[in-house]
Amino acid sequence: MFVVALFAFLFYFSKPLIGEVMAWHWQPEHGHYGLFIMIIGSFLASVLAVLLALPISIGLASFAVVSKRKIVLEIIYVMTSVPTIVYAFVAAIILVPFLRSCFIEGTGYSWLATSLMLAMLVLPTMTLTIYNGLNTRYRHYQTTTTSLGLTINQTLLWVIMPLLGKDIITATLLGFSRAIGDTILALVLSGNALHLPNALWDSMRTMTAHIVLITGGNTQDIGYNAIFIIGLLLFVISIAINSLLYRWRRG
Amino acid sequence: MARLFSVWMWISVVALLVAIAVLAVGVLNQIDVVEFFQNIKTIVQDLIPACIGTIYLVAISSAIAIPIGIGTGIYLARFTKKHFLTFIIDILAGTPSIVMGLFGFTMIILIPKATTSLLLSAICIAMLVVPYIVRITKQALETMPQALDLTGISLGMTTWQRTKYLLLPKARNDIFRGIMLAIGRAAEDTAVILLTGVVIDAGIPTKLTDKFEALPFVVYYSVTEYRSNIDLYYAFISTLILITITTLTFYLARRINYDHRN
Amino acid sequence: MRIFFVSLLFFCHCLCGSELDVFMSHTGNIDIAGGTAHIPVLREAARNVMTVNDSIKITIAGGGSGVGVQKVGAGLVDIGTTGRELFPEEKEKYALESYAFAVDGIAVVVNATNKVRELSSQQVRDIYTGKIRNWKYVGGEDAPIHLYGREDASATRDVFQKALLNGEDISGRLVVVASNGAMKSAVARDFLGMGYLSIGYVDDTVKSITLDGIVPSQDNAVSGEYPVVRKLFMHTPKQPTALSKAFIDYIMSGEGRDIIVRHGYFPLNPVCDLILP
């Protein structure tokens with residue numbers, strides 16, 4: 001079906017370039033087509049985003065279970081319906097100048113800006129996943145623990161958290177796959193500099209932004225085929241994560 | 001220890017609320033109210049092609065995606081036991097939107113007559129949302145009470161008859177949910193249309209092969225190239241419209257869900 | 001010198017000239033894509049045409065000069081625009097007609113509040129290759145330089161790099177933006193920013209730098225004194241559609257030239273092209 005076709009196409013187009021791509025420099029004029037910088041850039045942005053989002057989503061999910069008020073959940077739900085481009089818009093106008101004034105070395109278009117907004121992007125999904133896990137388990141253990149005299153907090157902390165391993169991993173994987181596949185935020189906020197960021201406030205480039213920047217170029221140039229390699233890579237990563245999740249859910 | 005945990009929770013909530021507040025206030029700060037309302041008429045007029053472009057895009061991609069999605073969902077839930085197909089749908093659901101855009105882009109290179117256009121974007125967006133519809137339809141049909149199905153069997157109905165007359169009517173709510181999700185997703189996506197056919201100045205598309213404008217792209221273009229506050233207002237209004245569309249559709253999707261469970 | 005050019009312009013204006021009436025008898029679409037420097041001019045021209053005859057539809061996309069060539073070569077658009085001559089590989093691969101319609105200089109720009117007003121080309125080179133990283137070395141404040149550049153497909157970038165960089169490698173710290181408009185936006189909003197722009201895009205929000213003592217104006221660009229210059233081109237397939245040809249003629253006409261001048265570029269047409277350097 002579609003998937004097979006997709007896979008086939010991407011594979012076919014990346015064939016010419018597979019060998020050359022494993023290098024550091026992206027300088028088409030010199031014949032370097034190294035994608036390492038972009039790949040690592042994507043990982044840096046996504047990992048930081050998930051690291052930032054995870055504690056907060058655990059905290060939020062717990063809060064949602066503990067408190068009687070539904071307001072936090074409602075806010076989270078609304079956040080899931082915000083388009084990515086809106087996050088990019090808001091960040092470009094507010095976050096970037098702010099970071100620029102904080103860290104004078106950087107232009108504001110930075111690793112930190114990208115990861116912060118990516119974190120906001122994945123936060124709702126991660127929170128909801130963890131919340132569902134917490135909630136179902138809590139309902140399960142509720143009577144037992146209250147009869148033992150434990151407060152909600154204690155229940156959550158000592159009884160349920162340890163059981164959450166699977167859910168936390170699911171949430172992390174979901175967040176990571178969403179973050180690494182995102183194009184707009186990275187394109188607008190990362191600065192698209194062709195080097196590894198030396199610090200949080202330094203600019204960088206992700207695979208996804210690279211695709212957009214390259215589609216403007218020469219079709220003749222073999223470098224063009226790099227977008228297909230990136231596409232293939234992204235596809236493979238998402239397949240890998242999905243398989244992991246699948247197996248996790250089964251188990 | 002539990003005390004610390006409490007603190008942690010509260011910090012999370014505060015952090016979230018502060019972040020949202022700061023961003024919201026910051027954006028509103030950028031708007032000079034007088035200037036805004038002075039120009040609002042021209043801005044809205046100029047945005048009409050983009051609005052219509054988005055509407056067309058959503059309409060066409062839904063027209064493609066909904067039948068395919070529901071059909072596949074029904075098929076997977078009722079007519080087959082293969083897990084592999086479901087797995088593939090899950091993969092499609094998880095692929096980044098830019099990969100879909102890339103796929104469309106590749107199509108141009110391979111198919112001689114193809115070009116970036118409304119049709120191509122609609123097809124790619126359809127591919128993006130079909131998995132959601134399939135999943136929801138499938139789940140809806142699978143969680144139907146067994147009793148319904150058994151009654152049907154005892155009456156001698158075939159699988160298709162049971163599906164069509166007994167289960168689908170009940171699943172209508174969920175299917176509607178799926179459609180809402182698809183619409184919201186189609187309206188907001190930027191990456192796919194960037195690669196497959198959206199342009200800055202296209203007027204109102206009259207044929208499927210026309211280039212088109214779209215609201216998310218207006219926002220993107222304004223963000224990267226704004227020269228004065230007025231350009232920002234374009235982005236602001238587009239954002240408002242977009243958020244209204246997505247919030248409405250996603251909210252409906254959720255609401256229907258709750259009602260059904262109750 | 002100025003008088004000479006103005007009278008030349010007048011002369012050409014009288015000789016050549018087609019108006020919007022031509023479009024009354026046409027109908028159809030024109031799809032244009034390519035360099036971002038051309039967009040303001042083309043947009044206004046398109047608007048004029050579509051107002052006169054609303055059965056004509058003209059769409060304009062950016063993407064950079066690389067996109068322009070690729071798309072018109074592949075038949076995906078009717079007119080591809082570039083801010084440079086076609087590369088030999090492109091000439092070989094695609095059979096295209098090229099029409100130069102304006103001269104444009106590329107200025108180095110800094111934020112409007114920046115003290116620095118002039119630089120030598122060596123300094124620009126050192127800044128862009130990363131050797132100079134702080135404004136204080138070139139007469140500004142003690143603050144880091146925020147460098148901006150363009151994406152791979154950009155002709156603006158090609159011309160700039162060929163003229164000023166002498167083949168040296170560009171610094172990796174460069175923040176990449178995807179069009180002239182985005183470049184202007186970026187430098188206008190960043191106090192410490194520096195970038196390069198089509199002169200036609202320069203306005204009050206940014207300041208252009210005097211390079212080696214020469215002010216980047218379109219006059220200097222045309223006369224050859226300012227070194228970083230290029231022509232703006234439109235390309236079509238060997239057999240353009242009648243509508244495309246009409247549009248190109250319109251841009252080359254008197255009205256077209258007015259539009260070009262109004263947006264800050266220096267117009268060309270086949271006759272003038274022979275005379276100007």
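A cavity here is a set of grid points where a 1.4 Å probe fits but cannot get out. Keep that in mind for later, and remember that this is a predicted model. By that rule the count comes to six cavities of 30 Å³ or more.

Chain B is built from ten helices, with zero strands. Follow the chain from the N terminus and you read α-α-α-α-α-α-α-α-α-α. Along the principal axes, the C-alpha atoms of chain B fill a box of roughly 70 × 65 × 30 Å.

The size of an interface is often given as the accessible area lost when the parts come together. For chain B and chain A that comes to about 5,600 Å², with 84% of it on carbon and sulfur atoms. On the chain B side, B:Phe5, B:Leu16 and B:Leu102 lose the most area to chain A, and together they make up 10% of what that side buries. The contact draws 58 residues from chain B and 64 residues from chain A.

What about charges and polar groups across this interface? The rule finds zero salt bridges between chain B and chain A, while two residue pairs are in polar contact. On the side of chain B that touches chain A, the elements giving two or more residues are α1 (2–29), α3 (83–94), α4 (97–110), α8 (191–196), α9 (215–225) and α10 (229–261) of chain B. Of these, α1(B) gives the most, with 16 residues. Sort that side by class and you get 43 nonpolar, twelve polar and three charged residues.

Chain C is the next partner. Here 20 residues of chain B are in contact with 20 residues of chain C. The two chains bury about 1,600 Å² between them, and carbon and sulfur atoms give 48% of that. Again the count of salt bridges is zero, and two residue pairs are in polar contact. The elements of chain B that give two or more residues to the side touching chain C are α4 and α9. The top contributor is α9(B), with three residues. By class, this side of chain B divides into ten nonpolar, four polar and six charged residues.

With the partners in place, go back to the empty space. Rolling a probe the size of a water molecule over the atoms shows where empty space is left. The largest cavity has a volume of about 870 Å³. It is lined by 46 residues, and the closest to its centre are A:Val212, B:Leu194, B:Tyr220, C:Gly63 and C:Ala178. The lining of the largest cavity has 28 nonpolar, 13 polar and five charged residues.

Finally, have a look at the second largest pocket, with a volume of about 1,100 Å³. Of the 43 residues that line it, B:Asp46, B:Ile200, B:Asp201, C:Arg43 and C:Arg47 lie nearest its centre. From chain B, the elements giving two or more residues to this lining are α2 (33–79), α9 and α10, and from chain C they are α2 (39–52), β2 (56–63) and α7 (180–189). The most comes from α2(C), with eight residues. By class, the lining of this pocket has 21 nonpolar, ten polar and twelve charged residues.

Conventions
Residues numbered from 1 in each chain as written. Chains lettered and ligands numbered in written order. Predicted model: local features only at pLDDT ≥ 70, side-chain atom pairs only at ≥ 80, totals over all residues. Heavy atoms only, no water. Contact = heavy atoms within 4.5 Å. Buried area = accessible area lost by both parts, 1.4 Å probe. Salt bridge = Lys/Arg side-chain N within 4 Å of Asp/Glu carboxyl O. Polar contact = N/O pair within 3.5 Å; in protein donor to acceptor, adjacent residues only side chain to side chain. Helix = DSSP H or I, 4+ residues; strand = E, 2+ residues; numbered from the N terminus. Nonpolar A, V, L, I, M, F, W, Y, C, P; charged D, E, K, R; others polar. 1 Å grid on protein atoms, 1.4 Å probe; cavity = no way out; pocket = protein on both sides within 12 Å on 5 of 7 lines; lining within 4 Å. Points joined across faces, edges and corners; volume = space filled by probe spheres on them.
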